[in-house]
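Visitor: Could you take me for a close look at one part of this model, its charged side-chain pairs and the helices that carry them?

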Amino acid sequence: MANTLDVRRLVLLRELSVRGTVAAVAEALNFTPSAVSQQLAALEREAGVPLLRKAGRRLQLTPQADVLVAAAGEVLDTLERAQSALETTLTTVQGRVRVAVFQSAALALMPTALRTMAIEHPDVRVEMVQREPETALHETWARDFDMVIAEQYPAHAAPRFPGLERHDLTTDAVRLALPPWDTVLVHVTDLAEAAALPWVMEPRGTASRHFAEQVCRRAGFEPDVRYETADLQSQIRLIESGNAVALMPDLVWTGRETTCRLVDLPDAPRRTIFTAQRTASSDSPAVVTVRTALERAASASA
């Protein structure tokens, strides 16, 4: 009789395929690296074929390991669907939903959505962590989170991962944010006139940075990005104090006043804000109620 493969070890192998290194798997699962290595070696003995090979300093999965990784993913999806089906039989919505969210959505949407959940579904524990959308989509696919609130800028597609289901929440306009009239940059009134001014943008590699640079280049200039920060509140302070200009999505102004002057951009670009969750858990009552609360919050902020 053939050896039975240990499901927990299969999951470890899948984690290695997702996270890339034994150290990353150990950190994510709160194991020691040596314990992960021992379990993977035991799985290799059970399988009777090589599953890993050295590629420089990293481990590379063999084609046979890829087969087992796919099977492990199917097992996890089946268990997740079973959990969701079980939850639908309960008389109240309960459970835990881990949400990854980027900053402007955390400020504009989450407070209202969390208040709705506390009133209407007090038995659902919602946990929120701020993450950049590109990272958070991968982490939701990897099962670190149950849901991500992400963004997509025009002509810049968000990463796609198999098994993630997307639902659009809302769109918001992206505008040029200029300092108030009583600053030294008072003469600036449009994008072309902002060409020679200092800009503040998010770090390289983010969708917003790529979008902002492309807008400036299409307008005929390379922006002088003198200040770089992922904190949009810091960006706003730099603009309001007359030290920089930036492209800002309308959602950042939800629930707050600003002295910034907001100027429409050519072609009136709009950003899309959406949720994504694994298809296997998309019918979970707890996940559905959080998504519904977010949709209501988005409608209220529009």
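Guide: Let's start at leucine 79, which belongs to helix α4, spanning residues 63–88 (helices are DSSP runs of H or I with at least four residues, numbered from the N terminus). Leucine 79 is exposed, at 54% relative accessible area (exposed is over 50%, buried under 20%, partly exposed in between, with a 1.4 Å probe and protein chains only). Residue numbers count from 1 along each chain as its sequence is written, and the model is predicted, so local features need pLDDT of at least 70 and side-chain atom pairs 80 or more, while totals for chains, interfaces and linings use all residues. Side-chain values use heavy atoms, leaving out hydrogens and water.

Now to the charges. The structure holds 25 salt bridges (a side-chain nitrogen of Lys or Arg within 4 Å of a carboxyl oxygen of Asp or Glu). One of them pairs glutamate 120 with arginine 296, at 2.9 Å from N to O. Because glutamate 120 sits in helix α6 and arginine 296 in helix α10, this pair ties together parts that are 176 residues apart in sequence. Glutamate 120 is partly exposed at 42% relative accessibility, and arginine 296 is also partly exposed, with a relative accessible area of 42%.

What about the two helices themselves? The axes of α6 (residues 110–120) and α10 (residues 285–301) come within 8 Å and cross at roughly 130° (lines fitted to C-alpha atoms over the stretch in contact, angles from 0 to 180 degrees between N-to-C directions).

Arginine 217 counts as partly exposed, at 37% relative accessibility. Elsewhere, shared partners link salt bridges into one network of Asp77, Glu80, Arg98, Arg143, Asp146 and Arg278.
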